[in-house]
Each structure stands twice: as structure tokens, then as C-alpha cells.
Amino acid sequence: VEGCARRRGNDREQAPGRAGVDVLDQRGPLAGAVAAPGLVAVLAVFGAVLLAAVLGTQLARPLLLLAEGVKQVAAGTYHTLVLLSDGRVLAFGSNQQGQVGNGTTENQWSPVEVKGLPPAVAVAAGGRSSIAILKDGTVRVWGSNATGVLLDGTRQGMSPEPKSVAGIATAVEARAGGGFFVVKLKDGTLRCWGREADAVPTTM
């Protein structure tokens with residue numbers, strides 16, 4: 001999904017049901033995730049998350065303002081995480097494996113707050129799992145455990161709420177793939193676990 005910014009001048013339009021939301025221009029890469037066929041969630045440069053219609057590869061017009069005061073959007077396969085500037089994390093989308101993190105496995109098509117998560121500084125969304133870096137440098141994970149990302153010694157089950165990752169206390173950044181996580185520590189080293197890796201964080 002290409003980036004977006006406020007378009008000024010006579011080109012301004014308003015989204016249905018939401019006064020004052022501008023049409024979006026494409027200006028640089030931004031995070032996005034498929035929310036439904038033909039729809040995508042995008043982070044605009046003015047700190048808001050919008051549900052937008054997509055025509056081919058073009059971002060058409062915003063349909064709904066989902067959240068404001070946004071720091072980061074992380075796109076999973078069919079779910080999205082939204083990190084707010086105050087450290088709260090919202091999530092929505094497919095939730096069969098608890099990847100939204102609100103304590104249920106019901107799909108969520110509007111943003112809900114991740115349950116019991118302390119203030120975060122970074123998030124990442126995988127196929128059916130999610131990860132957050134907290135302000136104190138520790139890590140929380142939730143969602144599917146089919147590839148062992150919950151680090152409970154198994155590769156089965158799931159958690160619809162965040163769980164602590166032992167042994168990491170200086171994390172600064174996270175990335176998620178299809179069944180694995182990679183975390184960057186303050187000293188620059190990487191820790192990874194999940195698919196095709198040991199079921200414990202391994203230093204790279």
C-alpha cells in the first residue's frame with residue numbers, strides 16, 4: 001500500500017459519514033493490511049488510521065476513521081495492530097487464533113484494545129500471531145502457537161491474551177513473519193524463534 005497525505009485545495013472530499021476526512025494522496029510507503037476484499041487499513045501521515053477502498057493498486061478514498069493519535073500500524077495476514085502514542089495497542093480483523101488479543105476468538109471488524117497489555121513502544125503482526133515490545137524492553141506475544149511462538153514448549157494451542165517472553169529485557173524492535181518472530185535488542189543483536197527455528201529465542 002502506498003503512503004498518503006492530506007490533499008489540499010479544491011480536490012478535498014469527505015468520507016461518507018465522517019466530516020473533515022480528506023482524500024488521500026500516495027506519497028511514500030506506509031503500513032497496510034487487508035481488512036476485507038477491496039478494503040485496506042492504512043496509517044496516514046497526520047496520525048490517523050483509516051479504512052480505505054482500493055481500486056487496483058491505487059488507494060481510492062477513506063471510508064472510516066478508525067483511530068487517531070497513532071504511532072505505528074502493523075499488518076498481519078488478516079489482522080492489524082495499531083500502536084497509539086500513549087502506548088495502548090488496538091487490534092482488529094480475523095481472530096480465530098486469538099491474534100487480536102482481546103481475550104476472545106471472535107473476529108473483530110472494528111478496533112478493540114489488546115487485553116492487559118502494558119504500554120508498548122513497537123508492535124508486529126504475523127500470520128496468526130502478534131508481538132509487542134513494551135516500554136521496559138520486555139516482550140509480549142499472543143495468538144497462534146502452531147509454530148511455537150508462544151514459547152510454552154509446544155507447537156499447539158493459542159493464547160487470545162498477551163503472554164510474557166522470558167529472557168528478553170532490552171528489546172527495541174520487532175518483526176513478524178508467517179509463524180516466526182525476530183526481536184532486535186539494544187546492543188544490536190537479534191533474537192528469533194518460531195517456524196524453522198528452536199522453540200526458544202536464538203541469538204543471531
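Biologist: What should I know before I start?

Modeller: This is a predicted model, where local features need pLDDT of at least 70, side-chain atom pairs count only at pLDDT 80 or more, and totals for chains, interfaces and linings use all residues. Residues are numbered from 1 along each chain as its sequence is written, and side-chain values use heavy atoms, leaving out hydrogens and water.

Biologist: What pLDDT does the chain average?

Modeller: pLDDT is the predictor's confidence in each residue, from 0 to 100. The chain averages 76, and 63% of the residues score at least 70. Over residues 1-31 pLDDT stays under 50. Where pLDDT is low, the predicted coordinates should not be read in detail.

Biologist: In what order do the strands of the open sheet come?

Modeller: Strands of a sheet pair through backbone hydrogen bonds, either parallel or antiparallel. Here strands are DSSP runs (E, at least two residues), numbered from the N terminus, and two of them pair if DSSP finds at least two bridges between them. The order is S5-S6-S7-S8, with antiparallel pairing. S5 (70-75) and S8 (108-113) each have a single partner strand, so one side of each is left without a neighbour in the sheet.

Biologist: How many bridges join S6 to S7?

Modeller: There are 5 between S6 (residues 79-84) and S7 (residues 89-93); Val82, for one, has Leu90 in S7 as its bridge partner.

Biologist: Is Ser129 buried or exposed?

Modeller: Buried means under 20% relative accessible area, exposed over 50%, and partly exposed in between (1.4 Å probe, protein chains only). Ser129, in strand S10 (residues 129-134), has 3%, so Ser129 is buried. Counting contacts as heavy atoms within 4.5 Å, and leaving aside residues up to four places away in sequence, Ser129 touches residues including His79, Trp142 and Phe181.

How values were computed:
Helices (H or I, at least four residues) and strands (E, at least two) are DSSP runs, numbered from the N terminus.
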